[in-house]
Amino acid sequence: MQTRPITPADIPRLAAIFVEVFNAPPWQDGWTLETAIERLEALAANPHSRGFAIWEQDQPLGFALGARERWNDGWFFSLRELCVARNRQREGVGRRLIDAMCADLLEEGISSINLQTGLDAPAHSFFAKLGFSEMPLVTMGKLLGH
């Protein structure tokens, strides 16, 4: 397995993994390949975007995508998407991806990684095992036009 930065040419292949993962339980989001490509391209278009994909030969196994953000005391990384192909989950692929991403971000001077996940989502325990801890924040939203 090899981890490398995501290129624009990788996005359609990574979007296929995204659709496979997030249209399955527990999320069952209803993504199409077109909307997934649009989301990943929009995230990657951020000038501070950083994306990492893990490959086995020429086959993508998963990816992480986010952007570095400035805070008063330094830069942090906001992880927006992470997924591993369903048939490769629970093999250490996600751990290898996160480890490689953390090493690369540390070299860039990034001081921390922030992300959002559900308390009951499988990702919560995955990230906890990798040393991520809960922060005293609340996600809030408002539906517009209703």
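User: In strand 5, which residue does Trp-75 stand opposite?

Analyst: Two strands are said to pair if DSSP finds at least two bridges between them. Strands (E, at least two residues) and helices (H or I, at least four) are DSSP runs, numbered from the N terminus. In this predicted model, Trp-75 stands opposite Ile-110 of strand 5. Strand 4 (residues 74–84) pairs with strand 5 (residues 110–115) in the parallel sense, over five bridges.

User: Through which helix does the chain cross from strand 4 to strand 5, and what is the handedness of this crossover?

Analyst: A crossover is right-handed if, with the strands pointing away from the viewer, the path from the first strand over the helix to the second runs clockwise. Here the chain leaves strand 4, passes through helix 3 (residues 93–107) and reaches strand 5; this β-α-β crossover is right-handed.

User: How many disulfides does the rule count?

Analyst: A disulfide is a pair of cysteine sulfur atoms within 2.5 Å. By this rule the count is zero. The sulfur of Cys-83 has its closest cysteine sulfur in Cys-102, at 17 Å, so a bond is ruled out by distance.

User: Is Cys-83 buried or exposed, and what of Cys-102?

Analyst: Relative accessible area decides the class: buried means under 20%, exposed over 50%, and partly exposed in between (1.4 Å probe, protein chains only). Cys-83 is buried, at 2%, whereas Cys-102 is partly exposed, at 29%.

User: Where is Gly-66 found, and is Gly-66 buried or exposed?

Analyst: Gly-66 belongs to strand 3 (residues 59–71) and is buried, with a relative accessible area of 3%. Sequence separation and distance in space should be read together: Gly-66 and Leu-40 are 26 residues apart in sequence and 9.5 Å apart in space, C-alpha to C-alpha.

User: Where is Arg-90 found, and what is its phi?

Analyst: Arg-90 is in the loop between strand 4 and helix 3. Its phi is positive, near 65°, in a residue other than glycine. Arg-90 is exposed, at 84% relative accessibility.

User: How much space lies in the second largest pocket, and which element gives the largest share of its lining?

Analyst: On a 1 Å grid over the protein atoms alone, a pocket is an open set of points where a 1.4 Å probe fits, with protein on both sides within 12 Å along at least five of seven lines; lining residues have an atom within 4 Å of a point. The second largest pocket holds about 200 Å³. Of its 14 lining residues, those closest to the centre are Ile-6, Thr-7, Ala-44, Ser-49 and Gly-51. Strand 2 gives the largest share of the lining, four residues.

Notes:
Residues are numbered from 1 along each chain as its sequence is written. This is a predicted model: local features need pLDDT of at least 70, side-chain atom pairs count only at pLDDT 80 or more; totals for chains, interfaces and linings use all residues. Side-chain values use heavy atoms; hydrogens and water are left out. Grid points are joined across faces, edges and corners, and a volume is the space filled by probe spheres set on the points.
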